[in-house]
Each structure stands twice: as structure tokens, then as C-alpha cells.
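Hi,

Here is the structure I promised to send over.

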Amino acid sequence: MNTVEVNFDGLVGTTHHYGGLAIGNRASSANAGQRSNPRQAAREGLDKMWAMAQLGLPQGVLPPQPRPHVPTLRRLGFGGSDQEVIARAARDAPDLLSACSSAAHMWAANAATVSASADCADGRVHFTAANLATQFHRSIEAAATARILQRIFADPAHFVHHAPLPATPAFADEGAANHTRVAPRADAAGATLFVYGREAGERPPYPARQSRAASEAIARQHGLASARTVYARQNPAAIQAGVFHNDVIAVGHADVMLCHAQAFVDQAGVRAELERALGERPLHWIEVPATAVDLATAVRTYLFNSQLVTLPDRKRLLVVPAECEAEPRVWTCLQALTAGDGVIDALRVMDVTQSMRNGGGPACLRLRVPLTDAERAALAPGVLLDHTLYLKLGAWIDRHYRDRLTAHDLADPLLLEENRSALDELTQLLGLGALYDFQLENEK
Ligand code: SUG
């Protein structure tokens with residue numbers, strides 16, 4: 001049984017903009033109100049997916065969600081036709097229109113927590129779509145995310161879907177960005193690391209998004225063995241410095257954990273627990289000291305928001321954001337990491353600037369799904385990227401995406417029509433059938 005980690009990247013939506021919406025996310029605040037380029041953003045994301053596919057890695061595509069999200073605006077009291085809803089929101093509450101237009105679903109690392117079948121008691125792959133309850137603009141994603149995942153991973157013989165956890169602070173859940181599977185042998189049971197920012201009832205003075213109770217609930221739902229499950233608390237100083245998700249300060253893959261020395265509370269204890277959870281099997285724990293890269297620089301460059309992947313020739317590649325190359329201290333550190341004992345063999349620089357300006361690096365854009373050959377064969381057939389689909393998606397982006405967008409443009413009623421016709425065509429390109437509310441309503 002051959003198990004491979006399949007990355008599913010979120011395709012950027014047509015309304016990608018800089019709303020300054022995400023509390024605790026430095027890049028989102030710093031770039032609030034800047035003009036965005038949705039076409040470039042979507043292109044960068046697609047080119048990243050294609051670069052990974054060309055390395056011989058299976059690469060999946062997650063479709064974007066409808067935006068502006070008219071049903072949410074209606075729930076908030078804006079009435080009339082869809083166009084009137086948008087016009088009223090633009091006039092009376094432009095911040096709500098921005099939140100309901102956010103393309104934040106592109107950061108698929110927050111879409112769900114996914115457990116490999118080898119780790120789950122019933123031998124199936126388990127999914128829990130994240131409620132993203134901490135930030136209003138992201139909480140809108142959960143229902144559509146759950147539906148998209150159910151459509152792509154539809155076969156109940158292989159896949160189990162759990163409803164998002166109750167959307168309340170006690171169970172605030174940000175998905176795979178705070179969840180890491182380490183598994184020296186991908187097809188044998190691995191260890192699961194859940195990282196949380198706060199306990200359920202706590203209201204710390206820093207913006208901690210993930211609650212421990214949420215992670216514990218997911219571990220129960222997925223049937224994870226408690227002896228192989230570890231809970232680690234984020235270092236409050238890291239959260240304060242802008243580490244709003246654990247994947248901004250640590251990345252784990254296979255038998256490697258790469259993290260900053262100030263990632264966790266009781267870091268040595270976390271390491272020991274993870275090693276114990278893995279049993280005899282070795283774990284390469286690589287720690288970058290603050291003297292080499294301080295927290296602020298790690299957050300600015302997103303050094304740890306890298307994708308660590310195993311190539312078909314078994315070599316390990318670290319895919320880092322372009323911002324790392326521009327910062328000499330970080331680049332030196334990365335050179336040293338890859339010059340060593342062969343744990344990480346090579347580096348690849350990826351340009352996802354449009355996403356980075358909203359605090360989303362290469363690792364934020366992808367959801368990892370470990371799949372056996374049989375599970376992979378059970379996927380919806382049209383979502384894995386090949387050259388034909390890459391070309392089709394590129395042409396689709398060129399046809400439907402604007403090359404500039406400001407907060408002011410969100411009031412444009414044409415944007416909704418553009419989004420719907422783009423998504424309508426996309427569901428055909430990906431062979432997913434009617435998927436979105438606006439399509440299902442039209443079918444009635
Ligand atoms: O939730 N940014 C996202 C970035 C998510 C990154 N994901 C991971 N680290 N896995 C967030 O903070 C900004 C949207 C805006 O301001 O327009 C935003 O939502």
C-alpha cells in the first residue's frame with residue numbers, strides 16, 4: 001500500500017483584495033486598503049501548483065467560494081435583489097461587504113483537519129471542516145468548504161466527513177494550519193501534533209485562534225490513538241509577534257519537524273512527547289535559534305510557512321516563499337539547513353506575493369491529504385492537476401479575473417456576476433457538477 005501526501009491548493013477567487021480583516025496577522029493589517037491584483041494572485045497560485053506537479057508530486061485543486069457572499073449579507077439584514085443587497089451593504093457597511101467578499105478561502109491549510117486512514121480507528125480518511133470561528137470573514141467559509149470536500153472525497157468506503165465544530169470561542173478551530181502529522185513511514189500509523197493557542201474558556205491578551213478543546217474534539221471524532229496524539233501550546237510571545245497559526249512558525253513532514261526555537265511553550269517537552277508518540281522510529285527535530293532568525297523576521301519572511309515535500313527520488317525539498325531569498329539572514333540559515341546531513345536536500349523558491357501580502361505563504365495555500373493508491377483512485381476524477389487542466393485553468397483565469405481591485409470596486413454589481421460565471425465554468429472544468437448555492441437555486 002503506497003501512501004502519498006497529496007497537496008490540494010485553494011484556487012484564488014476573483015474578489016481577492018486587501019481588506020485588513022485578520023486580527024493578529026501582520027501582513028493583513030500592513031497592506032489594508034492596498035490595490036490587489038486578483039489575476040496575478042490566481043496565476044501565482046496556479047503556477048505554484050503546476051511547479052509542484054512538475055516535480056512529480058500529485059497536486060489537487062480546491063475551487064474557490066462564491067463572493068461576495070450574498071446569503072451572509074442577507075443574514076445581516078441587507079435585503080432586496082442580489083444587486084440591491086450589495087449596493088446597500090456598500091453604502092451602509094462597507095467593512096461588512098469587504099468581509100463578505102474576502103477570498104480568504106484560498107488558504108486551504110485552514111479548510112479542514114485531515115487524518116490519514118492509517119491513523120484512524122476505522123481505517124478511513126477523516127475530515128473536519130474548520131469552523132474558523134475567530135474571524136468573521138473566515139467563519140463564512142465553513143459550510144461551503146464542507147460541501148466541496150464532500151464532493152471531492154465522496155466515497156464513504158474511504159472518506160468520512162464530520163460537521164464543523166460548534167462555532168463558538170470554546171471550539172474555535174483553524175484546521176490543518178495547527179495540525180501536523182509526522183510519520184516516518186507514510187503508510188503506517190504516525191503521530192499527530194495538535195497546536196493550540198488557548199484553553200477553551202481562556203481569553204488571553206493576545207489573538208490566539210485555536211482552542212485546545214477543538215483539537216481534542218477532532219482527535220475523538222477521527223478516532224486517533226491517544227498514545228500517538230500530542231497537544232502543544234503555542235508560545236504566547238510568538239502569537240504576539242504575528243504567529244496567528246502554528247504553520248507560521250513550524251512545518252512537519254514525514255520524519256522531520258522544522259521549527260523556530262520559540263514556537264511552543266515547553267519546547268523540549270513537546271519534542272520528547274512527539275518522539276515518545278512515534279516510538280522507536282527516529283524524528284529529525286530541526287530548530288532554528290532566535291539568534292539566527294528572530295521571531296519578527298520569521299514572521300515577515302514566512303520562513304516556516306514552507307512546504308516540506310518528499311520527491312519521487314526520496315529527496316526532501318523545502319519550498320520557501322520568495323521573501324526568504326530577499327532577507328540575507330534567512331537565506332543564510334536556509335543554505336545552512338540544506339548543506340547539512342541530508343535531512344533536507346534542496347530548496348525551491350516560490351513567488352506567491354499577492355497571497356503573502358495578506359499573510360498567506362506557500363504552506364497556507366495547501367491542504368495536505370495523505371492518500372493510499374485506492375483512496376486516490378476514489379477521488380473526484382477531475383481535480384488533480386495535469387498539463388491540460390493547467391492550461392485550461394490559466395485561460396479561465398485570463399478570461400474571468402480583473403487585474404486590479406480596491407475596496408471601492410467591491411460595490412460594483414458586475415463583480416458578483418463575474419464571480420458566478422467564473423465559478424459556473426470552473427465546476428465544469430473540474431467535473432464537479434452543480435456545487436454552489438447559486439447553481440443549485442438555478443436548478444430548482
Ligand atoms: O486567516 N488572511 C488569512 C491568512 C491565512 C493564512 N493561513 C495559514 N497560516 N495557514 C488569515 O489571517 C487576510 C484577509 C484580508 O485582510 O483581506 C486573511 O484573512
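Predicted model: local features only at pLDDT ≥ 70, side-chain atom pairs only at ≥ 80, totals over all residues.

Let me start with D412, which sits in the loop between α16 (387-400) and α17. Is D412 buried, exposed or partly exposed? The relative accessibility of D412 is 23%, so this residue counts as partly exposed, the class between under 20% and over 50%. The side chain of D412 reaches the backbone nitrogen of L414 at a distance of 2.8 Å.

Now the ligand. It has 23 residues around it, and the closest are L21, S28, H137, R209 and D247. Sorted by class, that shell holds ten nonpolar, ten polar and three charged residues. Here are some polar distances you can check on your screen:

- S28: a polar side-chain atom lies 2.8 Å from an oxygen atom of the ligand.
- H245: an N or O atom of the side chain is 2.9 Å from a nitrogen atom of the ligand.
- N358: a polar backbone atom is 3.0 Å from a nitrogen atom of the ligand.

How much of the ligand's accessible area does the protein cover? On its own the ligand has 490 Å² of accessible area, and the protein covers 100% of that.

Next, the pockets. The largest pocket contains about 710 Å³ of space. Its lining is made up of 31 residues, with H69, P71, T72, I140 and D437 nearest the centre. Which helices supply at least two residues each to that lining? They are α3 (70-75), α6 (136-139), α7 (141-152), α17 (413-429) and α18 (437-443). By class, the lining of the largest pocket splits into 15 nonpolar, seven polar and nine charged residues.

The second largest pocket comes in at about 510 Å³. There, 25 residues form the lining, and T3, V4, E5, A186 and T310 lie nearest the centre. Two strands, β1 (3-10) and β12 (307-310), each supply at least two lining residues. The largest share comes from β1, with four residues. In the lining of the second largest pocket, twelve residues are nonpolar, six polar and seven charged.

Last, a few spots in the backbone to look at. The peptide bond from R67 to P68 is cis, with omega near -5 degrees. You will find P68 in the loop between β2 (59-62) and α3.

For A254, phi is near 55 degrees. A254 is in the loop between β9 (250-253) and β10 (256-260). The other is R314, where phi is about 75 degrees. R314 belongs to the loop between β12 and β13 (316-321).

Which of these is buried and which exposed? A254 has a relative accessible area of 12%, which is under 20%, so A254 is buried. R314 is at 63%, which is over 50%, so R314 counts as exposed.

Have a click around and tell me what you think.

Cheers

Conventions: Residues numbered from 1 in each chain as written. Heavy atoms only, no water. Near = heavy atom within 4 Å. Polar contact = N/O pair within 3.5 Å; in protein donor to acceptor, adjacent residues only side chain to side chain. Areas by Shrake-Rupley, 256 points an atom, 1.4 Å probe, with all protein chains shown as cover. Nonpolar A, V, L, I, M, F, W, Y, C, P; charged D, E, K, R; others polar. 1 Å grid on protein atoms, 1.4 Å probe; cavity = no way out; pocket = protein on both sides within 12 Å on 5 of 7 lines; lining within 4 Å. Points joined across faces, edges and corners; volume = space filled by probe spheres on them. Buried < 20%, exposed > 50% of the residue type's maximum accessible area, 1.4 Å probe, protein only.
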